Amino acid sequence: MTEIVRTDDVLGGDPRLDGRRISVLQIADMVLEADRSPEYVADQLDISLAEVHTALAYYYDHPDEIEMIRDRHDRLETSLAERATTPDHVEQ
C-alpha cells in the first residue's frame, strides 16, 4: 500500500503519495472541489483507486494540517497576484 510522506524538498513538504509528486490536497481538491469521482481522478493522475482513497483518508484524518496548507497556498497565491499586478519600482 502506498504511504503518505512529507519531504521538505518535494512539493514544499506538503503531504503526498510516496514516490510521486502528487499531493494529498491535489487529489482531495479534484474529488471534493471539482466534484470528480475517485475513479476519474485515478485515471487522470495515472494512480490506483487505492492511492486516491489513501490520500482522501489522510485528508480527513488531518484537517488542521490541511487547513494550514490551504492557508499557506492562499497567502502565496495572493502574494504572487499582487506582484504580477504591481509594477516594479524603476529608478531613472
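**Loops, helices and core**

Modeller: L11 is found in the loop between β1 and β2. Helices (H or I, at least four residues) and strands (E, at least two) are DSSP runs, numbered from the N terminus.

Colleague: What should I know about the model before we go on?

Modeller: This is a predicted model: local features need pLDDT of at least 70, side-chain atom pairs count only at pLDDT 80 or more, and totals for chains, interfaces and linings use all residues. Residues are numbered from 1 along each chain as its sequence is written, and side-chain values use heavy atoms, with hydrogens and water left out.

Colleague: Back to L11. What is its phi?

Modeller: Positive, about 55°, although L11 is not a glycine. Most residues other than glycine have a negative phi.

Colleague: Is L11 buried, exposed or partly exposed?

Modeller: L11 is partly exposed, with a relative accessible area of 27%. Buried means under 20% relative accessible area, exposed over 50%, and partly exposed in between (1.4 Å probe, protein chains only).

Colleague: Which residue just after α1 takes a positive phi?

Modeller: D35, with a phi of about 55°. D35 lies in the loop between α1 and α2. At 67% relative accessibility, D35 counts as exposed.

Colleague: Now α3. How many residues has it, and how far does it reach?

Modeller: Helix α3 covers residues 49-61, so 13 residues, and reaches 18 Å from first C-alpha to last. That is close to the 18 Å expected at 1.5 Å a residue. The expected span is 1.5 Å times one less than the number of residues.

Colleague: Which residues of α3 are buried?

Modeller: E51, V52, T54, A55, L56, Y58 and Y59.

Colleague: What covers them?

Modeller: The cover includes β1 (4-5), β2 (16-17), α1 (24-33), α2 (38-45) and α4 (63-85).

Colleague: And at what angle do the axes of α3 and α4 cross?

Modeller: They cross at roughly 95° and come within 5 Å. That makes α3 roughly perpendicular to α4. Axes are lines fitted to C-alpha atoms, for helices over the stretch in contact, and angles run from 0 to 180 degrees between N-to-C directions. Roughly perpendicular means 65 to 115 degrees.

Colleague: Which residues make the contact?

Modeller: Y58, Y59, Y60 and D61 of α3, with P63, E65, I66 and R70 of α4. Contact means heavy atoms within 4.5 Å.

Colleague: Let's go to the core. Which members of the largest one touch the most others?

Modeller: Of its 20 residues, L17, V24, I27, V41, L45, I47 and V52. The elements giving two or more residues are α1, α2, α3 and α4. α1 gives the most, with six residues. A nonpolar core is a set of buried Ala, Val, Leu, Ile, Met, Phe, Trp, Tyr and Cys residues joined through side-chain atoms within 4.5 Å.

Colleague: What does V41 contact beyond its neighbours within four places in sequence?

Modeller: I27, M30, V31, R36 and V52.

Colleague: Which residues of α1 are buried?

Modeller: V24, L25, I27, A28, M30 and V31. Their cover includes β1, β2, α2, α3 and α4.

Colleague: And L32, buried or partly exposed?

Modeller: L32 is partly exposed, with a relative accessible area of 35%. L32 is in helix α1 and touches Y59 and Y60, not counting residues up to four places away in sequence.

Colleague: Switching to charges. How many salt bridges are there?

Modeller: Four. The rule is a side-chain nitrogen of Lys or Arg within 4 Å of a carboxyl oxygen of Asp or Glu.

Colleague: What is the partner of E65?

Modeller: R6, at 1.9 Å, N to O. E65 is in helix α4 and R6 in the loop between β1 and β2, 59 residues apart. E65 is buried at 17% relative accessible area, whereas R6 is partly exposed at 46%.

Colleague: Where does R20 come in?

Modeller: The side chain of R20 meets that of E51 in a salt bridge, 3.5 Å N to O. R20 lies in the loop between β2 and α1 and E51 in helix α3, so the pair ties together parts 31 residues apart in sequence. R20 is partly exposed at 29% relative accessible area, while E51 counts as buried at 9%.

Colleague: Which residue does D29 pair with?

Modeller: R70, at 2.6 Å, N to O. The pair links helix α1 to helix α4, 41 residues apart. D29 counts as partly exposed, at 24% relative accessibility.

Technical notes:
Parallel < 35°, antiparallel > 145°, perpendicular 65-115°, else oblique.
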